Amino acid sequence: MSKSTTSEAGSRTEPAFVVPGPVPDDTELWLIRHGETEWSKSGQHTGRTDLPLTPDGERQAAALGTMLHNVRPVLVLSSPRQRAVRTAQIAGLTIDAIDPDLAEWDYGDYEGLTTAQIRERVPDWSLWTHPVPGGETPQEVATRADRVLRRALPYLADGPVVFVAHGHISRVIGARWIGLDVLDGGRLALGTAAPSVLGGQHGTPVIERWNVPNPAAQ
């Protein structure tokens with residue numbers, strides 16, 4: 001299948017997609033969270049804010065290159081944020097398209113705040129169970145995740161596909177791939193620059209590997 005340098009990402013008219021079976025056993029869909037930033041290091045919610053990688057984040061991205069040495073992707077999609085694009089570049093990946101559907105969850109009024117700071121206002125707050133004033137709803141994020149999975153599926157028959165994105169959107173994509181509700185992404189922890197692999201087993205979508213430790217992560 002031919003590649004395109006543009007994407008229809010973010011279309012409000014494109015239908016959401018749930019992964020159908022059967023999924024071939026050799027399917028490889030790589031989810032890669034970007035390397036460390038100052039806010040990921042401090043635990044601040046980073047959605048729209050376009051932060052660069054820290055030096056440690058760049059080292060993590062370089063380590064990803066070693067981890068992906070034998071992967072020959074047929075399609076690489078990246079979030080538009082510089083922390084994702086730069087991670088892909090340092091890891092040696094050639095980005096085929098920037099896909100806004102891979103952008104991080106929009107945290108609205110909670111942008112830049114840690115969970116502890118938010119809980120000073122809303123006790124027991126969790127992104128997965130509580131509203132985000134001015135931000136996205138779980139269903140809106142799930143719709144984006146479904147759309148980007150739909151775009152990737154036709155390529156998976158030809159080889160590995162790589163998404164370079166962020167923590168929460170990747171957790172949602174992982175949950176949606178195996179038929180779970182968006183909120184089940186809350187049970188899938190994901191470290192910076194820690195790759196995961198979605199695949200198939202006996203026709204069923206599965207998580208082959210999740211949150212593989214990056215050797216450069218501290």
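Residues are numbered from 1 along each chain as its sequence is written, and side-chain values use heavy atoms, with hydrogens and water left out. Because the model is predicted, local features need pLDDT of at least 70 and side-chain atom pairs count only at pLDDT 80 or more, whereas totals for chains, interfaces and linings use all residues.

View 1. The largest pocket holds about 370 Å³ of space, a pocket being an open set of points on a 1 Å grid over the protein atoms alone, where a 1.4 Å probe fits, with protein on both sides within 12 Å along at least five of seven lines. Its lining, meaning residues with an atom within 4 Å of a point, numbers 24 residues, and Arg33, Gln44, His45, Tyr107 and His168 lie nearest the centre. Helix H1 (38-42), helix H4 (115-121) and helix H6 (167-177) each give two or more residues to this lining, with H6 giving the most, three; helices here are DSSP runs (H or I, at least four residues) numbered from the N terminus.

**View 2. Helix H2 against helix H3.** Helix H2 (residues 55-67) and helix H3 (residues 82-90) pack with their axes 7 Å apart and at an angle of about 45 degrees, where axes are lines fitted to C-alpha atoms over the stretch in contact and angles run from 0 to 180 degrees between N-to-C directions. Glu58, Ala61, Ala62 and Leu64 of H2 meet Arg86, Thr87 and Ile90 of H3, contact meaning heavy atoms within 4.5 Å.

**View 3. Helix H5 against helix H6.** Helix H5 (residues 138-156) packs on H6 at an angle of about 65 degrees, with the two axes 9 Å apart, and the two helices are therefore roughly perpendicular to each other. Residues of H5 in the contact include Val141, Leu149 and Leu156, while those of H6 include Ile169, Ile173 and Trp177.

Note on methods. Grid points are joined across faces, edges and corners, and a volume is the space filled by probe spheres set on the points. Angles under 35 degrees count as roughly parallel, over 145 as roughly antiparallel, 65 to 115 as roughly perpendicular and the rest as oblique.
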